[in-house]
Amino acid sequence: MIRKALISSILLLIIMHSNAQSVKEYIKWNPASDSTKVLEGQGWTGEVNNFYDRLPARAEKMVSEGIWKLASQTAGLQLRFRTNADEIIIKYVVGGNIQMPHMPATGVSGIDLYSKNIDGKWNWAAGRFSFGDTINYQFSNLVTNDQHVKNRDYTLYLPLYNSVKWMEISVPKPSLFTPLPKRIDRPIIVYGTSIAQGACATRPGLVWSSILSRKLDLPVINLGFSGSGRLDPPIVGLIGEVNAKLYVLDCLPNLVAPGISAEELYKRIVAAVGQLKTKNPTIPILLTEHDGYTDEEMNPTSKKQYADANKVMKKVFDSLTTAGVKNIFLLSKEQINQDIESTIDRVHPNDIGMMNYANAYEMKIREIFNMAVGKSSTTIPITQRRDANTYDWETRHKEILRYNGTHSPQLLFIGNSITHFWGGIPTSDVRNGSDSWSKYFEKKNAINLGFGWDRIENVLWRVYNGELDNIAPSQIVIMIGTNNLDFNSNNEIREGLKFLINAISAKQPNAKILLMSILPRRNMEDRINLLNKLISTIPFNKRIKYADAGKVFLQPSGKIDESLFSDGLHPNAAGYEKLGALIDTQIGK
């Protein structure tokens, strides 16, 4: 018996040791304890009572009790991080009711996880979830390898109609996990009603402001305050403190209540616009009409309510534009285009209605900022993150925005790694032609806007999003397109370059533009020769010119001169010297 007991004890110890060895260990992250500014969608970082609040602490004495309570709800707030984990576990505690009669728990109190691949394409991650005192979401079997980049960027959307008291994000050891700081791009600020806050999306990522943020790849601050969003002067004043890209005023559905006359409504709208224009006269304002009630044919009173309010809004818009107020725009009910299938309760949009809103806002905002898109991938602006080793795309974008904020570059080079690895500012760890850059361009006050692995569409996104703003260069040199060769036809590349030139010209109408041909590369000489002939047919003029560098890099046989390249694609120091000399003669004319 003693022997059997001893054997049983040994076996039990072996089993316990084996189980202990198999227990997963996790890296755990509490965003509220991170010293980095990680919470995106918050306009007053560092000024809040609670980490997940949407308004600064000082607003409590300025706004109504209803608004202050709603400001603790996390609509539009996001966390971004980078990981190669195949599993992500998120646990958190909320401060209110889990769900509402007309809105599910996944929208009221749930979270939503999206990832972006290295080519800038968004993907949605489905997770298993349970709601209780602590809410749990588990995302499993995630993609961990994105070609040569071994991780993915994630955006986590927080609950739309609840407050977050505590949150912890866990990934298995030894996974990489890197919190990403909030972006410095100027945000779009939306001040609105329950529709803007998120009623009645089934998931936080499907509120229209979040869809819009993904479509434009820009930060959007959601200041939807349910039934309390009513163009209140204290909120308008707070909004005016933020250096935004655009102010959106979408409060009209809350201003059709009895007791608000047409005269009073007119005064409120005019006052809100005036308050913002006094503070920031150059920032555009977008006024939004009431999107209507989808039971209007069954209930004529409904139609009169929103129609009367929209008449007042249109009257304000017309009077302000007639008076010479600049940068004011109107989004109409017809452009939003809701119908009987797109609401929950005749007014609050379902997921279809949220997409209608997002599409309408995207079209209007692209119109306001001349951010056109085309049909080919070369004409659809998008970010990228293809370089795992040399640099971080988003970080370089920030560096350029900061540099342009304090300097006045006169010569801009826009391109891919051929430009990026040449030389100049911002500096790069790889500099293959520093001597020629210094020789030809340093005295011309040049800046290097080259990003490794960029395609035409990535440059288009950068042009649309700040890299040509608040500066007045006299000359811009474009060298882009070689990374599109494996993905696009010659006609699509030509179309993309023409589209890009138009975008740059709209941003910098006084700058001279030099479009360089696509440099020859090993084993693609014949195709690039035909492509450059096609590119040369783009209409040019005295201000916008074209130069072919093929003669510099090709031998009489039509093959590249290998002595001028480091790898058959990127010039070496000798190649950059010849390219610099050619460009110098072109921009000197």
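My entries below go from ground rules to helices, then spaces, then backbone.

**Ground rules.** I am reading a predicted model, where local features need pLDDT of at least 70 and side-chain atom pairs count only at pLDDT 80 or more, while totals for chains, interfaces and linings use all residues. Residues are numbered from 1 along each chain as its sequence is written, and side-chain values use heavy atoms, with hydrogens and water left out.

**Helix pair one.** I looked up α7 (residues 262-279) and α8 (residues 300-322), whose axes come within 10 Å and cross at roughly 45°. That makes α7 oblique to α8. For the record, angles under 35 degrees count as roughly parallel, over 145 as roughly antiparallel, 65 to 115 as roughly perpendicular and the rest as oblique. Axes are lines fitted to C-alpha atoms, for helices over the stretch in contact, with angles from 0 to 180 degrees between N-to-C directions. Helices (H or I, at least four residues) and strands (E, at least two) are DSSP runs, numbered from the N terminus.

I then listed who touches whom, contact meaning heavy atoms within 4.5 Å. From α7 come A262, L265, Y266, I269, V270 and V273, and from α8 come A309, V312, M313, K315, V316, S319 and L320. By class, I have 11 nonpolar, 1 polar and 1 charged residues in this contact. Here Ala, Val, Leu, Ile, Met, Phe, Trp, Tyr, Cys and Pro count as nonpolar, Asp, Glu, Lys and Arg as charged, and the others, Gly among them, as polar.

**Helix pair two.** Next I checked α13 (residues 434-441) against α18 (residues 573-587), and found an angle of about 15° with the axes 9 Å apart. That makes α13 roughly parallel to α18. On the α13 side I noted S436, K439, Y440 and F441, which meet Y576, E577, G580, A581, I583, D584 and I587 of α18. This contact divides into 6 nonpolar, 2 polar and 3 charged residues.

**Pockets.** My largest pocket has a volume of about 480 Å³. It has 19 lining residues, with R186, K245, F369, D469 and K507 nearest its centre. Helix α15 (residues 490-507) gives the most to this lining, 3 residues. The classes are 10 nonpolar, 5 polar and 4 charged.

The second largest pocket comes to about 370 Å³. Among its 17 lining residues, K182, R183, I184, D185 and P187 are closest to the centre. I count 5 nonpolar, 5 polar and 7 charged residues there.

How these are found: on a 1 Å grid over the protein atoms alone, a cavity is a set of points where a 1.4 Å probe fits but cannot get out, and a pocket is an open set with protein on both sides within 12 Å along at least five of seven lines; lining residues have an atom within 4 Å of a point.

**Cavities.** I found 4 cavities of 30 Å³ or more. The largest cavity holds about 310 Å³ of space. Its lining has 23 residues, and R80, K116, D217, T383 and E394 lie nearest the centre. Strand β9 has the largest share of that lining, 4 residues. By class, the lining has 5 nonpolar, 7 polar and 11 charged residues.

**Backbone.** Which residues does a cis peptide bond join, with omega about 10°? I noted A199 and C200, with C200 in the loop between α4 (194-197) and α5. Another cis bond joins I425 and P426, with omega about -5°.

Technical notes
Points joined across faces, edges and corners; volume = space filled by probe spheres on them.
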